[in-house]
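Student: I am new to this structure. Please walk me through it.

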Amino acid sequence: MSETCGLKLSAILIVVAAALGATAARAEAPSIAAPVPKPEAAAPAAAAPAPSQQDVEWALHLRDARDAYQKGDLAKAESDVVAAAKVAESFPPQDDRVILTLNNLTMIYTQQGKFGYAEEPARRIVEIREKAGGADHPSVAFALNDLAGIYKEQGKLADAEPLYKRGQAILEKVKVNGELQATMMMVNLAELYRDQKKLPEAEQAVKRAIAVREKALGMFHQHVMAALQMLGTIYTAEGKHADAVAAQQRALDICKKALGWSRPAMMESLACLADAYKADGKNAEAEPLYKRALELAEGGLGPNSRVLASVLEKYADLLKKMNRDADAAQMEGLAKDVRAGKQVTLPTAPPPPAPVEPPLTPASPAAPAAPPASPTPAAPAGI
C-alpha cells in the first residue's frame, strides 16, 4: 500500500469535538436584548452565529462515523461519512469541512478496498486544492500523491506515475523540508517502478528516500523503517535475498524501538521479514515470524483488521509451499472472513511437548564419583 498523506479517519474525533463545542458556544451567546455596555467598558467579543441545521447534522454524522470506525464497523462508518458528505455539499467549496469530509470518505473507501469509489472524492480534493492555492501549492502535491495511490492500487500505473512525479517536483521546490516531504513520492514511485519491473529505477528512488530521511529524522525513525521495508521488497524482486532479509531485519529493529507499542505495525514488520525468508526458500525461518504476527492479533484489531487478513493470506501462501494444504485452506478461510468484517477465532499454537526423561542406566564402575560441590556439611534432618 502506498504511503499516503490524507487525513486518517481518527481525526474525526478532534474535528467533531470542535464542531460540537462551537455549537454549544453559539447556544450560550447573549441575546440581542442584552444591555449595551458602557462606552468605557471593553466591548465583548462578537458572538458567533447560531449553528444551522446542516452544521449540526454534519457534526453528528461524523460523530457516528467515528464511533463505528473505532468499533471496527467500517460499513456503518462508510454510511455515516457518505451522509456527512451529502450535507457538506451545502457548504462553500473553500470550507475546511468539505476537504475533511472528502478526505475521510476517500480513506474509508480505500481501507475497504473500494478504490473505484475512492477516485471521485480524491479527484475533487485535487481540484479544490488547485483552485484555493494554485497548481504548485504543497497541498496539491499531497492530494496528487493520494490520488496516484488510488490509481496504483487499481493497476493504473500509467495514470499514477505522472501524478507522483508532479507531486515530487512541487515539493522539491519548497525551501523548508521540501525534499524530506518529497520522499513520500520517492517511495511510492519506487513501489510503482518495482511493479513495472523497472528494478534499477526502483532501487535508486528508495535509496535516495532513505538517505534523506536518515539525515533529517535519524536512523531509528518510523519513516526510515517504511522505506527500508520497500527496499527489502525490491531486493527480493531482484533476487538479492540476503540483502532483502538484512533490510527487513533492520526495519523490524526500528519498529521495535519506534513503534513497539503498535500491534499492527509490529505485525506488518514481522510479516515483511517472513516474506523475505519465504522468497529465499527458507520456510523454517519464515513460519515462526508469521505465527508471532498472528499472536499479536489476539483480542482483535478493530479498524486495522486488514493487517490481520494480509498476514493470514501470506501465511497461507507459505503453508501451500510446505504442502500443508489443509492448514493453508484454514488460513485462507479466516482471511476471507476477516475481510468480510466477521469476528474470527485464531488458531492457538499447541503447547510444547513435555521433555522426555532419559532412561536410567547403572553408573559405570570405572567412573569416579563426582566430588561434592561444597565442603559444607549436610543439614540435619528436619530442616
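Student: How many helices and how many strands does the protein chain have?
Tutor: This is a predicted model. Its secondary structure is counted over the protein chain. The count comes to 0 strands and 15 helices.

Student: What share of the residues is buried?
Tutor: The protein chain has 383 residues. Buried here means under 20% relative accessible area. The buried share is 41%.

Student: Are α6 and α7 roughly parallel or roughly antiparallel?
Tutor: Helix α6 covers residues 138–153, and helix α7 covers residues 157–172. Their axes come within 8 Å and cross at roughly 160°. Angles over 145 degrees count as roughly antiparallel, so α6 and α7 are roughly antiparallel.

Student: Which hand does the crossing of α6 and α7 have?
Tutor: The two axes cross at roughly 160°. The hand of this crossing is left-handed.

Student: How many nonpolar residues are in the contact of α6 with α7?
Tutor: From α6, the contact includes Val-140, Phe-142 and Leu-144. From α7, it includes Leu-157, Leu-163 and Ile-170. By class, there are 3 charged residues, 3 polar ones and, for nonpolar, 14.

Student: How many residues does the largest nonpolar core have?
Tutor: Among those with the most contacts inside this core are Trp-58, Met-267 and Leu-312. The core's residue count is 103.

Student: Which residues does Leu-312 contact, leaving aside neighbours within four places in sequence?
Tutor: Leu-312 is among the core residues with the most contacts inside it. Beyond those neighbours, Leu-312 is in contact with Leu-294, Met-331, Leu-334, Ala-335, Val-338 and Leu-346.

Terms used. Residues numbered from 1 in each chain as written. Predicted model: local features only at pLDDT ≥ 70, side-chain atom pairs only at ≥ 80, totals over all residues. Heavy atoms only, no water. Axes fitted to C-alpha atoms, helices over the stretch in contact; angles between N-to-C directions. Helix = DSSP H or I, 4+ residues; strand = E, 2+ residues; numbered from the N terminus. Parallel < 35°, antiparallel > 145°, perpendicular 65-115°, else oblique. Left-handed = near helix turned anticlockwise from the far one by under 90°. Contact = heavy atoms within 4.5 Å. Nonpolar A, V, L, I, M, F, W, Y, C, P; charged D, E, K, R; others polar. Core = buried A, V, L, I, M, F, W, Y, C linked by side-chain atoms within 4.5 Å. Buried < 20%, exposed > 50% of the residue type's maximum accessible area, 1.4 Å probe, protein only.
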